[in-house]
Amino acid sequence: MTFRALIVGWTLALLAVISPAVKGADVTVGTATAPVGERANGFIQVPAGVDAATNIPVIVIQGAKAGPRLALVAGSHGTEYASIIALEKLAWSVSPAELSGTLVIVPLINLASFAQKVPHLNPVDGKNMNRMYPGNPNGTQTERASWAIGRQVVEPSDYLIDLHGGDLDENLRRYSYWPQTGNDKLDATSRAMVMAFGLDHIVIQRNQAPPMPAAAPISRFSVDLGKPTVIAEAGHAGATEAEDVDVLVQGSENVMRYLKMLPGEVSPVEHPVWIGPITTVQSDHDGIFYPLVVPEAYVQQGMRIGYITDYFGNKLVDVIAPVSGVVVYVCSVPSMKKGDTAAYIGEIASAP
Ligand SMILES: [Zn+2]
């Protein structure tokens, strides 16, 4: 061996010690950087613009083994508490050592809604944080946050799970959505994910029409980018019942097993109730709402599902089911304004 060859040999040996070969790259989302086999917490920073800044918490878990990137988001409606708690719990239940691929978990998109207990909207700008994608870097806080989440969370991911639940005023039956786009390959993967998730009522969400400009939910934004997506809902009226939280955690883990990110077998739901179009039953009066049905009730077109009185108890109107189907959610509080949603009724569909 020449002296030169010896030097080269030592150098290579030294390099091998310093940088153990083919170690995967760090994954960074916002201020969170997770090396291989580790988790990291941080924030997606949304700088101040026409209104206040916000910092959206993000947890990145990079598995010890290579695999896809799955984004899980919740809390775009900040008082759908069961879904938020589910992701808080999931983030601690997954061990990086047994994970293949990367989880990007955003458990609470709408911090102001959560902190101020304001349902449906972001109180900073009065906008729905699940209706503004792709967002706008120069818009109001909801639009800037949607822009940041779209770029930093959805675009770099391979799959998306978006969790929701009954809001403060919503009594809801657990269900999931299967977004149907007309792209067979994409739809087949989303369908397999929703079956793996395991909820036994699945709404077929037809996404063929062009989206409203700058008014898409995150799930629509995601499937338009070709990323298989599932939306799941559990929990109601501000409650965080263990059963609702667990069903969302276990459903998410089952999707991860289906994607081969976690070891173990999946038992997909076998005979779900498929739900087609959903009809929103709106109130045409201000007053006090008395529901006569519970979620999961099957109602016939023309059936009374509740009634509204004035503030003296005089009945103003019956609330009538405009279609036959299953009640997927009914207003859980007596407060009722003209234009508010009294119930969602889903029409039963044949299995797609
Ligand atoms: Zn929601």
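Modeller: Among contacts in the protein between residues at least 6 apart in sequence, 70% join residues at least 24 apart; contact here means heavy atoms within 4.5 Å. The model is predicted, with local features requiring pLDDT of at least 70 and side-chain atom pairs pLDDT 80 or more, while totals for chains, interfaces and linings use all residues. Numbering runs from 1 along each chain as its sequence is written, and side-chain values use heavy atoms, without hydrogens or water.

Biologist: Why is T140 called buried?

Modeller: Buried is the term for under 20% relative accessible area, with exposed over 50% and partly exposed in between (1.4 Å probe, protein chains only). T140 has a relative accessible area of 18%, and therefore counts as buried. Its place is the loop between α3 (111–116) and α4 (141–154); helices (H or I, at least four residues) and strands (E, at least two) are DSSP runs numbered from the N terminus. Leaving out residues up to four places away in sequence, T140 touches V50, D51, D125 and K127. Across the 352 residues of the protein, 49% count as buried.

Biologist: What makes the site of the zinc ion irregular?

Modeller: The zinc ion is coordinated by H77 (ND1), E80 (OE), E80 (OE) and H164 (ND1), at 2.0 to 2.3 Å. Donors are N, O and S atoms within 2.8 Å of the metal (3.2 Å for Na, K and Ca), and sites may look incomplete because water is not among the atoms. Four donors are tetrahedral if all angles lie between 85 and 135 degrees; four are square planar and six octahedral if opposite donors are over 155 degrees apart and all others between 65 and 115; anything else is irregular. The angles among the four donor atoms here run from 58 to 150°, so the site is irregular. Both H77 and E80 are buried.

Biologist: How do you know which classes of residue line the largest pocket?

Modeller: Ala, Val, Leu, Ile, Met, Phe, Trp, Tyr, Cys and Pro count as nonpolar, Asp, Glu, Lys and Arg as charged, and the others, Gly among them, as polar. The lining accordingly has 19 nonpolar, 12 polar and 11 charged residues. Strand β10 (residues 201–206) gives the largest share of the lining, four residues.
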